[in-house]
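Here's a quick briefing to read with the model open beside you.

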Amino acid sequence: MDFNQRFQNRLHCICDESVFFEIIEDIECDWGNHFVIQCPKCEELFSVDCECPAFGNIFNLSKNNDLPYSEKEKIDYFKNSHPK
Ligand SMILES: [Zn+2]
Ligand SMILES: [Zn+2]
């Protein structure tokens, strides 16, 4: 399943709103590109493909949501983190 399909559901954001995140498929950081989602309420950006200091960590949302990641994908998310 691609990231686009994975984030079609409502998620509970860190701003405490339950929202449909905006999907931004290609955004640049200093070390590469990312697939990110943005909260329409607080406008916080979360990196979906790997951890990056330029964006919020998607697993910050894991406290209030079942995120669509397998254990292996979660490990890879942190392993592939920027900067590299
Ligand atoms: Zn928010
Ligand atoms: Zn990055």
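Four strands make up an open sheet, ordered E3-E4-E5-E6, with mixed pairing. Strands E3 (22-29) and E6 (56-57) sit at the edges with a single partner strand each, so one side of each has no neighbour in the sheet. Keep in mind that this is a predicted model.

**The E3 and E4 pair**
- E3 and strand E4 (residues 32-38) run antiparallel, and six bridges join them.
- To find one of these contacts, look at Ile 23, whose bridge partner in E4 is Ile 37.
- The two strands form a hairpin, with two residues between E3 and E4.

**The E5 and E6 pair**
- Strand E5 (residues 45-47) runs parallel to E6, and two bridges link the two.
- Here you can pick out Phe 46, which has Gly 56 as its bridge partner in E6.
- As a reminder, strands in a sheet pair through backbone hydrogen bonds, in either a parallel or an antiparallel way.

**Lys 79 in its helix**
- Lys 79 belongs to helix H2, which covers residues 71-79.
- Is Lys 79 buried or exposed? Lys 79 has 10 other C-beta atoms within 10 Å, and a residue with 12 or fewer counts as exposed, so Lys 79 is exposed.
- How far apart are the C-alpha atoms of Lys 79 and Cys 13? They are separated by 24 Å, and the two residues lie 66 residues apart along the chain.

How values were computed: Residues numbered from 1 in each chain as written. Chains lettered and ligands numbered in written order. Predicted model: local features only at pLDDT ≥ 70, side-chain atom pairs only at ≥ 80, totals over all residues. Pairing = 2+ DSSP bridges. Buried ≥ 20, exposed ≤ 12 C-beta atoms within 10 Å, placed from the backbone.
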